[in-house]
Amino acid sequence: MREINEMLKKKVSELLENGTADRIIGWQAGEFCYDVTPAVMRKDNLDELFYNGFCGANQSKYLIQESLEEGKVLALLKPCDTYSFNQLVKEHRVNREKVYALGIPCSGMLDVDKIKALGITGILSIEDNGEEIKVATMYGDKTCKRTEVLQERCKVCKGKEHKAYDELLIPDEDAPEVPNGEDRFELVNKLEAMTSQERFDFWRGELSKCIRCNACRNVCPACSCRTCVFDNDNSGVAAKSNADDFEENMFHIIRAFHVAGRCTDCGECSRVCPQHIPLHLLNRKFIKDIDEFYGEFQAGEDDTAKGPLTAYTEGDCEPSIVMEKGGEA
Amino acid sequence: MQVNETNTVNTEEKEFTPLIVAFCCNWCSYAGADLAGSSRLSYPANVKIIRVPCSCRVNPLFILRAFQRGADGVILCGCHPGDCHYSTGNYYARRRMTLLFSMLDYLGIEKGRTRVEWVSAAEGAKFSATMNDFAATIHKLGPNRKLRDLRCEK
Amino acid sequence: MSLNTKIDTETIERISGVNTRKCMKCGKCSATCPAFHEMDFHPHQFVAMVEKGDIEPLMKSKSIWNCLTCFACVQRCPRDVEPAKLVEAIRQAVIRQAGENHLKAEQIPEMLDSELPQQAIVSAFRKYKK
Amino acid sequence: MQKIGVFVCWCGSNIAATVDVAAVAEAVKGEPGVVFATDYQYMCSEGGQSLIKETIKEQGLTGVVICSCSPRMHEATFRKTVEAAGINPYMLEIANIREQCSWIHKNKEEGTEKAIILAKAAVAKLNLNTPLIAGESRVVKRALVIGGGIAGIQTALDIAEAGYEVDIVEKQPTIGGKMTQIDKTFPTLDCAACILTPKMVDAAQSEKINIYSYSEVEKVSGFVGNFSVTIKKKPRYVNSDLCTGCGACMEKCPSKKTPNEFNMGLDNRTAIYIPFAQAIPKVPVIDTAACLHFKTGKCGICQKTCSANAIDFDQKEELITKEYGAIVVATGFNPLKPTKFDEYQYNQCADVVTSLEFERLMNAAGPTKGVLLRPSDQSHPKKIVFVQCVGSRGQSCRDHSYCSKICCMYTAKHAMLVRDKYPDTDVTVFYIDVRTPGKNFDEFYRRAVEEYGVHYIKGMVGKVEQVDGSLKVQASDLLSNDQMVLDADMVVLATAVEPDPTAKSLATMLTASIDTNNFFTEAHPKLRPVESPTAGVYLSGVCQGPKDIPETVAQGSACAAKVIGLLAKDKLLSNPCVAHSDELLCNGCSTCANVCAYGAIDYVDKEVNDHGKREVRHIAVVNEAVCQGCGACTVTCPSGAMDLKGFANRQIMAEVDAICK
Amino acid sequence: MKYSYYPGCTLKTKAKELSDYAVAAAKVLGVELEEIKDWQCCGGVYSTSKDEIASKLSSVRALAQARDEGHDLMTLCSACHNVIKRVNEDMRGDENFRTKANNYMAPDMEYHGEANVVHYLEMLRDVVGFDEIKKKVVNPLTGRKIGAYYGCLLLRPGKVMEFDDPENPQILEDFIRAIGATPVLFEQRNECCGGYMTLNDKELAQKRSTAVVDSAVRNEADCLITACPLCRYNLEVNSETKLPVIYFTELLAEALGIKEVK
């Protein structure tokens, strides 16, 4: 990771120097090494840039605004970020011309809560090369297994290939593998296998925790409307908070529906939810249904393919398939 | 014997009369409903029709809204696939509704509360039969409790 | 069903499941009936008379015993009226009354010949006896 | 705030019998915006319309709700009414309390309650209506007629007469249709060919008419005034420009064993053929299924014979795309083939024929040169039985539920012609009802009975049997309550009229509707009989329902009048209920354009003023002349920027709220 | 392929050969017929009365038995086929009847029309295939002119029986061709033989059967084949015109070369 960090710094300053871009969206260290914030940096403050296992945030959404500004912006895209990037380019939200995309490798992002849960506290710095993670803490050096502390979404990594870039920091084939291989639909399957009442109870339990902070919406690269329907007083459904069970349900159903066929399954919604609602399970249900009903589809795989909800075939299944196929009553 | 059966059904219905919202496309299903009317083919009075130009005009928000406000069932009727007045509208509606219904099921909402039926302008009898059947299904399911705004309770 | 029960159109329509009002009076049932000449009332008359409520004469007719139940009228009726079902319903209405069995067990021996399959006897009992 | 007037129609007793109309008017009085409510016997009558107009003026109404029959019936009427009183025609909503309420409910309490809710929903929607102004689109001054039978020819001739270009697309090698196969026409008994062929010639010679024979419609796009149609010209393998129609190729063709369609398969034709002598165009076609050149590659006699060098074995299918302002469907019919009616022995016995086969047997250009001979042994039939209603008026799967309308008359014609030509022939007609509504029709039928001595027996035929070369017909005689067995030499089945099998796929292409029998549906069963519900698509002849020749011609001309009315316009007002994108909300994501079937959404870079902030944005703009108002884009738009005028999100939700209250 | 086989009363006595040849021929064709346990008489005729329950229960029992054995129910006698197939249709489509029948019988598992009723001829046509039979024929009946007598019960009512075109059936003719003989079409092949009328109005039965045989004779048939013992009786005994009447299974056995073996 250290080498990559060095390579990256070198590459970025080179690109800014030679005028390929005039600024970069990168990560800045916060108070702690795991407390990373995305930031726009220029030549003068470039030394603040760094890249480690806590740089999980999907930065492609910031490009919507950045690509409207003067000059070209340098974007650092991990493989999974390129899906969102493609999707945004496809929807004309990001002006491709104004972005120089540098593909950076990723060996899986870490979940600090999981590290802490292992009893490792007082974290000072981290060395995440290979299978083992070395953590320097106030109480001495500790180690843990990478697989134990990977973010949930990294366990179902889409792979190390960048789907869009102007340049790659290192060739994809030389990049590290993320140890994945879990079935991303495992929990969806589990829910589907429950009875209707059990599912209802599960989701009531989860969604009733929603405080309508809009973190999921704000982080989501697909949820990028200028004005959200829920903020538009003329839409008839605007609301700042959930008044009751129904509104908790509706907000999340509609949010999932609006990103259906466009969601790249980046998992940011669940990552940022302060209430730890597994929101990605709503999106994944749509992804699973789309795959099953209309054929495999990965949003953001490229920047041209028609989304499943803006396409059809004459022989599509009827909605009644839900009666036969959906979860148990 | 028949008389008796009708009576029992009636008394039961008094306890629970389901409210059903039917979105009908203007070209086929709304015309089918008109044909059911001019053929005097009855269906329950608690089925209320909202005219939309095409089944593809129906936003999932409308369906959720109906449940929020107290509907017990929502049915969407459009031209048969291939016969859409706008040639392709119902194909999009079909995908949208399939996914929406699947999501509602995933959230634990009873499957039978939502339905899509394709009813042509010539299918007055089918329209009436569909509404009767749907009303019976909803009657069996009982009142919508899982997807409603309790503030809207009478 | 006692002797005194009045057999009306509704009863016959209920037993048979036939809606006589679907008839368009084309006469194809009677045109196709292989037992036509052995009947005093003909298939199309069954439909018309049941519709009118004129059922007594049908109950007394020999037609109800002579219908072959060959279903030619049912098959060929363009309106799906199924006259044979009316004949059957009226026959049932008759034999269900006390003492109205058309065929009695004691009659059988004299009718037998060595070739007669028992299927014939079973069928005849079903048709003519409670 | 709107000032709304609500008018509740009794529709005589149609509504008032099951809906307490006064109670409905009373109930809506408290609704927001409602300043006036009343009931009236017939809102659509002049009195009713005057009441609306006067009230609008007196009360200063801004919108009107009419509780009446289906908007599909009178929405246009009432739009005109309110417009005449100075209100925008789209400030009108109709609550359908007849078809969707009074006609289906018997209980008055229930009906009234529902009517009140429907009325309140209409009021709730109207409160959110805004005045809409219709856009304009151009009209291509050319019509397409699909089908070149008598209906299509008549329509084409009349349109051409008015000075507009017309193209006829006919799938057969010649125009003329079924009428070419008919011998004589009722009730005048003049020869069909004598009255039809001059019209065919007129069509061919008209400068305004262009005939695409042996061609089919492949694809249709566009909308009223602006259709784009792709026509597939099937290869004839004969160059029409070079062919002189001399017929030498046909004489020499060695493949002579193909059943002749024109004579209903009662004789044979060659592989290269002209269907009949008066065919237009008089250019042969090669039937590749029968042609030895195409089957074995060995023959080429026709090519060698043709002095004009017109035979072209390499001819290819050709696709032509043209623009039209109006499309006329004139696809006509086929007689049912009674293969499922074997109680009449049609499959087994050559002497059981259909009526159209019988026409050919009586026709001078037919297989027997007009001498009536039995197909089985070429003898003169002495006893002929006609059976009516074969495949019509039934409910079983082999029957059609409708009356084919023309069979009674053509059977009377056949019976009369036989008796006239061969007075020693005994003719019996079995009928269920004899239906002769038409000028001089019943007189014609009576003449058959009284003057020509045709036996009419009320009753159906149950079974036909072949006994020693003759036919035994077992039938009912209902009036004498008898079952009779009649000897016959020939049995003629009056088979049902069926819409052409292409009707269904064509209807799909045109987005026009067809009924359960595959007849095209007219826009209004009484008042708009020659228009389809799809604007710019018109119906001529039997494609809409069974008709005889005079009716077909009348409808063909009526259809032409409608087409001329359209083509005479320079511009069309378009439906203003179209999509509209809110430029401040639009993300410019183009998802809406992906689902638009009409290509009505463009993306432009446009300067917008977002609350004082001016910037250029890439946003969706709807072409209102092209948008058809389906609303597919509105649901695909996540931000809700795209909405549909007249059926806006807020309006539909207001209806939902009113209904679910 | 295995079927639950319902022979019916007459096939155990007067019409034993109809069944014996069928079972033997099936074996040659690779089809196993396993007689269902404890079957009872079907009643011979189906009552069209909606309120007749008891007389249909024996059919329901046979059907439920087949369902439990996991096979389709095979019939051979036309009358049994007609009765059982129609009762099955009632069990599928008539809720009132289904409920009452299940209430009467109180079976371990309620019957809802799960079993399929297949006639032996349908099996020959749809499962074995006439082309396949043709290949297995060792003794083609070349030159025999055979009239196929369908009668009423296999064909009508067509919308329930779904056996063949009720006005122009072909299955027996195809069968006759498959065994190498020539089918003879005759108009009365689907008209009634007189049926049980032989016990009520002998004259009518004679009239009907004579009409059928006359029609066959006129069309130059050497013999008639049938699938029904009562048809055979009427056509042989009651017809005034005489013509040999044979069960179709006997001809099948002959063609397959197993007639003597049985």
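At what angle do the axes of helix H6 and helix H11 of chain A cross? They cross at roughly 85° and come within 9 Å. Before I go on, the conventions: this is a predicted model, where local features need pLDDT of at least 70, side-chain atom pairs count only at pLDDT 80 or more, and totals for chains, interfaces and linings use all residues. Residues are numbered from 1 along each chain as its sequence is written, and chains are lettered from A and ligands numbered from 1 in the order in which they are written.

Helices (H or I, at least four residues) and strands (E, at least two) are DSSP runs, numbered from the N terminus. Axes are lines fitted to C-alpha atoms, for helices over the stretch in contact, with angles from 0 to 180 degrees between N-to-C directions.

Back to chain A. H6(A) covers residues 186–193 and H11(A) residues 280–294. The two are therefore roughly perpendicular (65 to 115 degrees; under 35 is roughly parallel, over 145 roughly antiparallel, the rest oblique). From H6(A), Leu187(A), Val188(A) and Leu191(A) meet Leu281(A), Arg284(A), Lys285(A) and Lys288(A) of H11(A); contact means C-beta atoms, placed from the backbone, within 7 Å. That contact has four nonpolar, no polar and three charged residues. Nonpolar is Ala, Val, Leu, Ile, Met, Phe, Trp, Tyr, Cys and Pro; charged is Asp, Glu, Lys and Arg; the others, Gly among them, are polar.

Next, chain D. Helix H2 (residues 21–28) and helix H6 (residues 108–126) of chain D also have axes within 9 Å, crossing at roughly 40°, and are therefore oblique to each other. Their contact divides into eight nonpolar, one polar and one charged.

Now the sheet in chain E. Four strands form an open sheet, ordered E2-E1-E3-E4, with parallel pairing; strands pair if DSSP finds at least two bridges between them. E2(E) (32–35) and E4(E) (117–119) are at the edges with a single partner strand each, so one side of each has no neighbour in the sheet. The twist averages 40° from one strand to the next. E1(E) (residues 2–6) and E3(E) (residues 72–75) pair over four bridges, with Tyr6(E) opposite Thr75(E). Helix H3 (residues 78–93) of chain E packs on the sheet, touching E1, E3 and E4, at about 155° to E4(E).

Technical notes. Two residues are in contact if their C-beta atoms, placed from the backbone, lie within 7 Å.
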